[in-house]
Amino acid sequence: MEFFEYISSVFADFSNPKKRIFFGYLILTILIALIWLVTVRRSPVKRAFQQVFDRKILFSPSAKADYKIFVVNRVFTLFISPLLVSQLAIATALYYALHDIPYLQRGVFSDVSTGVIVALFTATIFLVDDFTKYLVHRWMHRWPMLWAIHKTHHSAETMTPITVYRTHPLEGVLYGLRGAVAQGTTMAVFLFFFGNAVDLYTVLGVNALSFVFHVTGSNLRHSHISIRYWRWLEHILISPAQHQVHHSIARKHHDKNFGVAFAVWDWLFGSLHLSEPDADLKFGLQPSEAHPSRLLDIYLRPFRDIARILRRRMSKLKDTIEKRPTAGRSVRDP
Ligand SMILES: [Zn+2]
Ligand SMILES: [Zn+2]
């Protein structure tokens, strides 16, 4: 790949409406933040601009690390993506597998009007995607080996929209597989039961609901602008302030608000935490888990942590075999 081609592929997400950092969404994010600061927080306009473009946040060591990780991760994505199993492969395999189940009737709902089928598919794929993201995110916090990987994201001490890319490439692989399984399965089931009318309502080529999620400020989740929703709405949709709670270092905020768009999953499974007025949140990891700031360490640390967990598991197993008691540990207290 030529150098120029590589550079343009690194920044392709800024011109791709399927990505959260599409420049159109970023402009809207800035507008929403300014309007909120001026109308709700009663900030003078000049002060609101200073708050949105706070140099101490945009150029903090943590933010600079985010920018570097963003560029480096693009290289990994270019190499890893072609190796991942595609949603189309899963959809095709499952679609034909459904034919072999005798009591399932293909095309049983094909008489339903096209508009209803498309609306149903658009909503279902968005919901399934959001729920599986919730599940995987929850597992990332519960299982020590996955937490070793996800810690990279939580090591951010300041947040900008680019922080969403502050993830270890292994997390990218896991989420890529999740997306393929979730979307491939939904596609296969819909095509089997509803027939060829299955399609998506899209805006700029993006699922209409994802588009709504992004134009209403999804980028503010990773920012210092803590927009809160009404209490009732924070039970349904995750507000930017609620995701900031998820990043808070405070122990009472640990393992809360795993949701992406919908808060209902957190509400249903007991991990919901509503935002608090004037909360002065500190982001990052516990001092005991302090993450290295050198780029190479950021990438290597999860492998070292996983090796340490495996060694600990082995010695625990040895202890069990030798009938020696061992103490249990929490994921966030290694
Ligand atoms: Zn998390
Ligand atoms: Zn986050």
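**Entry 1: Ser 248 and its neighbours**

I started with what Ser 248 touches. Leaving out residues up to four places away in sequence, I found His 253, His 254, Leu 281, Lys 282 and Phe 283 in contact with Ser 248. A reminder to myself: this is a predicted model.

Where does Ser 248 lie? I placed Ser 248 in the loop between helix 11 (240-246) and helix 12 (264-268).

**Entry 2: the zinc ion (ligand 1)**

Which residues are the protein donors here? I listed His 137, His 141, His 150, His 154 and His 246, each through NE2, lying 2.1 Å from the zinc ion (ligand 1). Along the sequence I read their spacing as H-x3-H-x8-H-x3-H-x91-H.

**Entry 3: the zinc ion (ligand 2)**

For the zinc ion (ligand 2) I wrote down His 153, His 222, His 243 and His 247 as protein donors, again by NE2 and at 2.1 Å. Their spacing in sequence is H-x68-H-x20-H-x3-H. The angles among the four donor atoms run from 92 to 161 degrees, and I put the site down as irregular. Tetrahedral would need all angles between 85 and 135 degrees.

I then followed His 153 and His 222. His 153 belongs to helix 8, while His 222 is in the loop between helix 10 (208-215) and helix 11, so this pair ties together parts that are 69 residues apart in sequence. His 153 has a relative accessible area of 7% and is buried. His 222, at 3% relative accessibility, counts as buried too.

How far apart are the zinc ion (ligand 1) and the zinc ion (ligand 2)? I got 5.9 Å.

**Entry 4: aromatic rings**

I turned to the aromatic pairs and counted 25. I picked Phe 190 and Phe 194: their ring centres are 4.9 Å apart and their planes at 15 degrees, so I logged the pair as stacked. These two are four residues apart in helix 9 (residues 169-194), which means about one helical turn separates them. Both Phe 190 and Phe 194 are buried. They also belong to one aromatic cluster, with Tyr 95, Tyr 96, Phe 109, Phe 121, Phe 192 and Phe 193.

Notes: Residues are numbered from 1 along each chain as its sequence is written. Chains are lettered from A and ligands numbered from 1 in the order in which they are written. This is a predicted model: local features need pLDDT of at least 70, side-chain atom pairs count only at pLDDT 80 or more; totals for chains, interfaces and linings use all residues. Side-chain values use heavy atoms; hydrogens and water are left out. Rings of Phe, Tyr and Trp (its six-membered ring) pair if their centres lie within 6.5 Å; planes under 30 degrees apart count as stacked, over 60 as edge-to-face and the rest as tilted. Buried means under 20% relative accessible area, exposed over 50%, partly exposed in between (1.4 Å probe, protein chains only). Contact means heavy atoms within 4.5 Å. Donors are N, O and S atoms within 2.8 Å of the metal (3.2 Å for Na, K and Ca); water is not among the atoms, so sites may look incomplete. Four donors count as tetrahedral if all angles lie between 85 and 135 degrees; four count as square planar and six as octahedral if opposite donors are over 155 degrees apart and all others between 65 and 115; anything else is irregular.
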